[in-house]
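Trainee: I would like to learn how to read a metal site, salt bridges and helix packing from a set of atoms. Could we go through them in turn?

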Amino acid sequence: MNPVEMQKVLIADDDPVNRQVLAELLKPEYTVLLAKNGEQALERAARHTPDLILLDVMMPDLDGFEVLRRLRADPATAAIAVIFISGLDRPEDEANGLKVGAADYIAKPFNATVVMARVALHLQVVRQQRLLEHLAHVDALTGLANRRRFDELYEAEWQRARRAGSPLSLALVDVDCFKQYNDHYGHPAGDRALRAVARMASSCVRRPADLAARYGGEELVLLMPDTEAAPAEHVVQCMRASLAAQAIAHAASAAAPVLTFSAGGATLAEGETAAELFAAADAQLYRAKHAGRNRVEWRQR
Ligand SMILES: [Mg+2]
């Protein structure tokens, strides 16, 4: 999440005066979205994934409890924080709201300072959670996605490709003679070299659905959904050319006088499992290494 981007708050209330009062309060600090009933609240939540929803309990048709239940049932909106706002100030209603998963409960008539303080508090929690999720998915050395993130997305993308019958390409990239590089230039230089390769990966793997991850050690993995073999191989060749243009000296390499990598790739075949596709890319990487390194090998159909 971009830290300067305003957080989004959805206000769902059937009373236009309440909507307006809350919107005026929140507008200076947040991006405010409005819904005048439960259906609209669900639609806007799914479309805009706000960071927080202020949800009126008493609304005609879908009440706040039902809206929250449906939000939780949809994976796309299940994690959105919800604060109930209600004229029901009986303690059992508050308890009920919290039991069904509201983060907080504000009774009407509300006090502006209290509303602002609670909204700020919950949005702070949301921010911290996002940061933790981000850190849990990022490789600290290279800034690329980490293996855990790759594993999650790979499984999801494989499922999606199978369902949609769309192509899915996978490439494994392994820096050539990296142990020798570390031995020769030292580990800090080795870290810099890995970061350079990671930068090449980030600059060549550019579409939003594509993923470049550090798989381990000096090995990266590129996941390219909706990509046939030829354009996928082109991405890896682009990365190889970018690294060659950097001409990072590698005096101890058996492949070239500069830092290079070998890569193996494969595109999902009919009936193939995710593990089989991965093994196929790995076999191509092995071929690339044994053919003299500093090259890309792609499985032929
Ligand atoms: Mg109401």
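This is a predicted model: local features need pLDDT of at least 70, side-chain atom pairs count only at pLDDT 80 or more; totals for chains, interfaces and linings use all residues.

Trainee: Which residues coordinate the magnesium ion, and at what distances?

Mentor: Start with the donor atoms. The magnesium ion is coordinated by Asp 14 (OD), Asp 56 (OD) and Met 58 (O), at 2.0 to 2.1 Å. Water is not among the atoms, so the site may look incomplete.

Trainee: What spacing do the donors of the magnesium ion follow along the chain?

Mentor: The spacing of the donors reads D-x41-D-x1-M.

Trainee: Is Asp 56 buried or exposed?

Mentor: Asp 56 has a relative accessible area of 2%, so this residue is buried. Met 58 is exposed, at 51%; the cut-off for that class is over 50%.

Trainee: Next, salt bridges. What is the general idea, and how many does the structure hold?

Mentor: Side chains of opposite charge can pair when their charged atoms come close. The structure holds 19 salt bridges. One of them is formed by Arg 130 and Asp 51, whose closest N and O atoms are 2.6 Å apart. This pair links distant parts of the chain, 79 residues apart: Arg 130 lies in helix H5 (residues 112-137), and Asp 51 in the loop between helix H2 (38-48) and strand S3 (52-56).

Trainee: Where do Arg 70 and Glu 66 lie, and how many residues apart are they?

Mentor: Both are in helix H3 (residues 64-73); they are 4 residues apart, which means a separation of about one helical turn. Arg 70 forms a salt bridge with Glu 66, with 2.8 Å between the closest N and O atoms. Arg 70 is partly exposed at 34%, and Glu 66 is partly exposed at 21%.

Trainee: Which parts of the chain does the pair Lys 289 and Asp 176 link?

Mentor: The two form a salt bridge, their closest N and O atoms being 3.0 Å apart. Lys 289 is in helix H10 (residues 274-290), while Asp 176 is in the loop between strand S6 (168-175) and helix H7 (178-185), 113 residues apart. Asp 176 counts as buried, with 0% relative accessibility.

Trainee: Now helix packing. At what angle do the axes of H2 and H3 cross?

Mentor: Read the approach of the axes together with the angle. The axes of H2 and H3 come within 10 Å and cross at roughly 25°. The two helices are therefore roughly parallel to each other, as angles under 35 degrees are classed that way. Their crossing is right-handed. Gly 38, Glu 39, Ala 41, Leu 42 and Ala 45 in H2 meet Val 67, Arg 70 and Leu 71 in H3.

Trainee: How are H7 and H8 oriented to each other?

Mentor: The axes of H7 and helix H8 (residues 187-204) come within 7 Å, crossing at roughly 135°. The pair is therefore oblique. On the H7 side the contact is made by Phe 178, Tyr 181, Asn 182 and Tyr 185; on the H8 side, by His 187, Ala 189, Gly 190, Ala 193 and Leu 194.

Notes:
Residues are numbered from 1 along each chain as its sequence is written. Side-chain values use heavy atoms; hydrogens and water are left out. Donors are N, O and S atoms within 2.8 Å of the metal (3.2 Å for Na, K and Ca); water is not among the atoms, so sites may look incomplete. Buried means under 20% relative accessible area, exposed over 50%, partly exposed in between (1.4 Å probe, protein chains only). A salt bridge is a side-chain nitrogen of Lys or Arg within 4 Å of a carboxyl oxygen of Asp or Glu. Axes are lines fitted to C-alpha atoms, for helices over the stretch in contact, and angles run from 0 to 180 degrees between N-to-C directions. Angles under 35 degrees count as roughly parallel, over 145 as roughly antiparallel, 65 to 115 as roughly perpendicular and the rest as oblique. A crossing is left-handed if the near helix is turned anticlockwise from the far one by less than a right angle, and right-handed if clockwise. Contact means heavy atoms within 4.5 Å.
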